Amino acid sequence: MIDVSFTHLHEYSPANVNCPAAHIHILPVELLQQVFLLIVNDVPDYPSVFSYEDTTISPNVGSPPIVFTHVCRFWRRVAYSTTEVWSRIQVSLPGRVEPLTPFLPSFLQSWLARSGNQPLTLRIVSGDLPVCVTRRCTRQSSHESSQANSQLLGVLLAESKRWGSVALVSADEWNRDFDTPQLRSLQCCWPELSSFNAPNLTHLHITYRWSLTMRFRHIPTCDNVRHLWIQNASARIIRSTFFMFPRLESIKVDVIISDIGHPHDLTTHPCLESITFPIPSDPFQQREVLKIFSELCLPTLRKLTFVADPEESEVSCIMEALETAFCDVQVVDFQTTIPLSEIDMDVIEPLFSVAREVTVHGEVLHHPVRQ
C-alpha cells in the first residue's frame, strides 16, 4: 500500500502558498504519488539504476524515478517518500575486472534504501562493458572474475530477503546462492534454478540454455511452483517438469524441440489444469508432441491451448495425442493468425469428439450441424 500519511509534505506544496502556481505544482500528494507509480510501472525493462556509455558507467539521473526529484523541492520530497517507485529496478552488471568507484555501489544502496520495506522487483542483466587498458579497450577474459559485478551483486544480495520478483538475464553462470524467502516470480536459466532457496515461488520462467544431457532433479524450490513458462523444451524436458513440479497447474512452452533422450516415465500429474504450446507443422517435429502425451494421465486437465493454425495436419496431431492420453479436456483453444471467418469447420469437427468446446482466441466455434 502507498503511504499517504504525508501531513508534513503539504506544508511544502505550492497549493498552500498564497501565490499563483502552475497546475503541475498543486497536485494533491496522493494523486502525484499515483502519477509517479504509473510512470515507473510503464518503463520498459524496469527503471535502470545505471547508464552505460562505451567504456563508462554512471548513475542514471535522467530517467524515472530520479528525474522526479529534479522538478522542485515538493516533488523531490514526495518522490523520496513514496517507497514503491524505488522498488522496481534494473541493474546491469558491467562485467569488467577492475572494481567500480565506491560512489556507484553507494548509489545503488541509497536507491534500495528509498524503497523501505517494499518487496523488490528486480531485473539483473549481465553486461559486457569493455575494460580500459591504457588507451585502448578490451573485453574481459572469460576466466577472470568481475570485481565490479561482485560489488553490485553484494549490494543486491544484502536485500535478497525482500526480493519478490526477479529476472536474471545472463549469458554466464552466476555461481551464487540466493536466499529469497519472499520470492514469488523468477526468470532464469535451468542451471540457475538450483541456486535459489525460494520456498514461496509460484511463477517460474525458464529461458535460454538447456542441454541434451541435462539431468533434471527435484529441488525444494520447485515444491510450490504453480505456473511454468519454458522458452524451448522437448518431450523429455516437459515430462521431467511433471516430476520436478508436483503442484504445477499450468505450463507454457514457446518452442517444441527434438531430443535424443527418452521422456520421463512418470505417467500421472494430479494438479495440471492448463497446457500451452505450439504444434510444429513438420510431421517429424510433431512426434515430440505425441511423446509428451503418450500414456499420460492428467485427471484435472481442462484447457489445451495450441499456438498453431487449425489445419488438417495440426488437428490430426492433436487427435492422435489425446487418444494416447487419459484426460477430460473441456476446451481446445487455437492461437492463430487465421481470421475466424476463414476457419474450415470440417477440419475442426473431429476435435468436438475429444473436447467439449473449441475456441479461437477464446471465441467459441459452434459444432457444425449435419443434415
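Okay, let's start with the overall inventory: this protein has 10 helices and 20 strands. Keep in mind as we go that this is a predicted model. There are 371 residues in the protein, and 47% of them are buried. The exposed surface comes to about 18500 Å², with carbon and sulfur atoms supplying 52% of that. And if you take the contacts between residues at least 6 apart in sequence, 64% of them join residues at least 24 apart.

Now, the sheet. How many strands form the open sheet, and in what order? There are 12 strands, and the order runs E3-E4-E7-E9-E11-E12-E13-E14-E16-E18-E19-E20, with mixed pairing. At the edges you'll find strand E3, residues 88-93, and strand E20, residues 363-365, each of which pairs on one side only. Going from one strand to the next, the twist averages 15°.

Let me walk you to E14, residues 274-278. Helix H8, residues 283-293, packs on the sheet here, and it touches E14 along with strand E13 (250-256) and strand E16 (303-307). The direction of H8 makes about 165° with that of E14.

So who are the pairing partners of E14? On one side, E13 and E14 pair in the parallel sense over three bridges.

Is E14 mostly covered or mostly open? Mostly covered: five of its five residues are buried. As a reminder, in a regular strand the side chains alternate between the two faces of the sheet. In E14, Ser274, Thr276 and Pro278 sit on one side, Ile275 and Phe277 sit on the other, and all are buried, which leaves both faces covered.

Further along the sheet there's another parallel pair I'd like you to see. Strand E18, residues 331-334, and strand E19, residues 357-360, pair over four bridges. One handy landmark is Asp333, whose bridge partner in E19 is Thr359.

Next up, charges. Side chains of opposite charge can pair when their charged atoms come close. How many salt bridges does a search of the whole structure find? It finds five, and I'll show you some of them.

Take Lys161 and Asp179, whose side chains meet at 3.1 Å, N to O. Lys161 is in the loop between helix H5 (147-157) and strand E7 (163-169), while Asp179 is in strand E8 (residues 178-179), so this pair ties together parts 18 residues apart in sequence. Asp179 counts as partly exposed, at 32% relative accessibility.

Then there's Glu249 with Arg226, at 3.6 Å, N to O. Glu249 is in the loop between helix H7 (235-244) and E13, Arg226 is in the loop between strand E11 (203-206) and strand E12 (227-233), and the two are 23 residues apart. Glu249 is partly exposed at 26% relative accessibility, and Arg226 is partly exposed too, with a relative accessible area of 25%.

Another one brings us back to the E18 and E19 neighborhood in the sequence. Arg356 and Asp328 form a salt bridge at 3.4 Å, N to O. Arg356 lies in the loop between helix H10 (345-348) and E19, and Asp328 lies in the loop between strand E17 (326-327) and E18, so parts that are 28 residues apart in sequence are tied together. Arg356 counts as exposed, at 60% relative accessibility, whereas Asp328 is partly exposed, with a relative accessible area of 34%.

Last topic: cysteines. A disulfide is a covalent bond between the sulfur atoms of two cysteines. The count here comes to zero disulfides. Cys297 is partly exposed at 24% relative accessibility, and Cys327 is partly exposed at 28%.

Definitions and conventions. Residues are numbered from 1 along each chain as its sequence is written. This is a predicted model: local features need pLDDT of at least 70, side-chain atom pairs count only at pLDDT 80 or more; totals for chains, interfaces and linings use all residues. Side-chain values use heavy atoms; hydrogens and water are left out. Buried means under 20% relative accessible area, exposed over 50%, partly exposed in between (1.4 Å probe, protein chains only). Contact means heavy atoms within 4.5 Å. Accessible areas come from the Shrake-Rupley method with a 1.4 Å probe; for residues, only the protein chains shown count as cover. Two strands pair if DSSP finds at least two bridges between them. Axes are lines fitted to C-alpha atoms, for helices over the stretch in contact, and angles run from 0 to 180 degrees between N-to-C directions. A salt bridge is a side-chain nitrogen of Lys or Arg within 4 Å of a carboxyl oxygen of Asp or Glu. A disulfide is a pair of cysteine sulfur atoms within 2.5 Å.
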